[in-house]
Each structure stands twice: as C-alpha cells, then as structure tokens.
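Please read them with the structure open.

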Amino acid sequence: MPSLRDHLYRIRHQILGEPLNKGRRLHFLLRYLRWHCWAKWKSVPWMITFENGLRSMVKPFPDHDSGERNIWTRNVDWYDTELIRRVLKKGDTAVDAGCNVGNRTWALADLLGGALLIDAGATAVQRTREHARLN
C-alpha cells in the first residue's frame with residue numbers, strides 16, 4: 001500500500017509535473033483521487049483509452065499495476081510508443097514477450113497487422129483475451 005509520501009510524489013511528478021498532461025492536470029488529479037479513494041477500494045474496474053482510441057480495463061486486484069498509471073497520466077511509455085510508431089510500417093507484426101495484459105501492444109495496435117502476445121501468467125493471458133474482445 002503506497003504511503004502518503006508515495007502519493008504526494010506521484011501527484012507532483014506524474015500528474016502536475018508531466019509536460020504531456022498540460023491543460024489536463026486537474027482532470028488527471030481528479031481521476032487519481034477517484035481511483036485511489038473510491039474505485040480501487042470498491043473493486044470497481046476502470047476503462048482506460050489509449051491515444052489510438054483502443055481501450056483496456058484496469059482492475060483493482062490482483063492486477064491493478066496493469067495500466068493503473070494510464071488513469072492519471074498520458075506518459076505511460078508515451079515517448080517510447082511514439083518512437084516505435086515512427087519505425088513501424090502499417091501492417092507490421094509485433095511480438096510482445098512478457099506482455100502482461102497487452103497494454104503496450106494495444107497502444108500500437110492501430111498500426112499492426114498482427115501480434116503475438118506471450119505471458120506466463122494465466123490471469124494475464126485471460127485479461128489479454130478480454131481486451132481482444134473489448135477492442
């Protein structure tokens with residue numbers, strides 16, 4: 001469980017200090033508070049939307065770390081994703097080994113012709129299948 005210090009660090013650096021959040025900082029701060037003070041404790045799943053319009057479901061337990069930061073910031077691998085977007089060609093195939101629930105692949109899926117997502121965790125594989133049906 002994050003300490004008050006952890007929460008204050010996240011708010012300062014990941015929400016208020018992140019340049020990509022400019023113009024939406026209050027929006028992301030309110031989402032952060034709603035997630036941590038209500039949804040996470042009530043076990044209410046949260047739908048996140050990537051820059052390409054595809055979605056993913058963040059569930060509070062057991063895999064709340066699978067996309068949780070996407071709730072309160074745009075900078076979850078944003079710079080990396082933009083670099084990969086410049087290299088990928090429309091229709092390319094990707095292999096995501098250790099995909100967890102596939103969020104990095106979903107963030108690129110509008111460019112991909114196909115993808116192979118691999119993870120050793122049964123829960124992660126099930127959640128990846130749920131995201132495939134969702135999108």
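1. Basis. This is a predicted model, in which local features need pLDDT of at least 70, side-chain atom pairs count only at pLDDT 80 or more, and totals for chains, interfaces and linings use all residues. Residues are numbered from 1 along each chain as its sequence is written, and side-chain values use heavy atoms, with hydrogens and water left out.

2. Helix H2, geometry. Helices here are DSSP runs of H or I with at least four residues, strands are runs of E with at least two, and both are numbered from the N terminus. H2 has 18 residues. From first C-alpha to last it reaches 25 Å, close to the 26 Å expected at 1.5 Å a residue (1.5 Å times one less than the number of residues). H2 bends by about 45° at Trp-35 (the angle between axes fitted to the seven residues ending there and the seven starting there). Just after H2, Ser-43 has a positive phi of about 60°.

3. Helix H2, packing. Its buried residues (under 20% relative accessible area with a 1.4 Å probe, protein chains only; exposed is over 50%, partly exposed in between) include Phe-28, Tyr-32, Trp-35 and Lys-40. The buried residues of H2 pack against helix H1 (4-16), strand E1 (46-49) and E2.

4. Aromatic pairs. The whole structure holds 3 aromatic pairs. Rings of Phe, Tyr and Trp (its six-membered ring) pair if their centres lie within 6.5 Å; planes under 30 degrees apart are stacked, over 60 edge-to-face, the rest tilted. Why is the pair of Tyr-32 and Trp-72 edge-to-face? Their planes are at 85°, with ring centres 4.7 Å apart. The pair links distant parts of the chain, 40 residues apart: Tyr-32 lies in H2 (residues 25-42), Trp-72 in the loop between E2 (55-58) and H3 (78-87). Tyr-32 is buried at 2% relative accessible area, and Trp-72 is buried at 1%.

5. Another pair. Trp-78 and Tyr-79 are also edge-to-face, 5.3 Å centre to centre with 90° between the planes. Tyr-79 is partly exposed, at 46% relative accessibility.

6. Core. The largest nonpolar core has 16 residues (buried Ala, Val, Leu, Ile, Met, Phe, Trp, Tyr and Cys joined through side-chain atoms within 4.5 Å). Ile-15, Trp-35, Trp-46 and Ile-71 touch the most other members. H1, H2 and E1 each give two or more residues to this core. H2 gives the most, with 5 residues.

7. Ile-15. Leaving aside neighbours within four places in sequence, its contacts (heavy atoms within 4.5 Å) include Arg-10, Asn-21, Tyr-32 and Trp-72.
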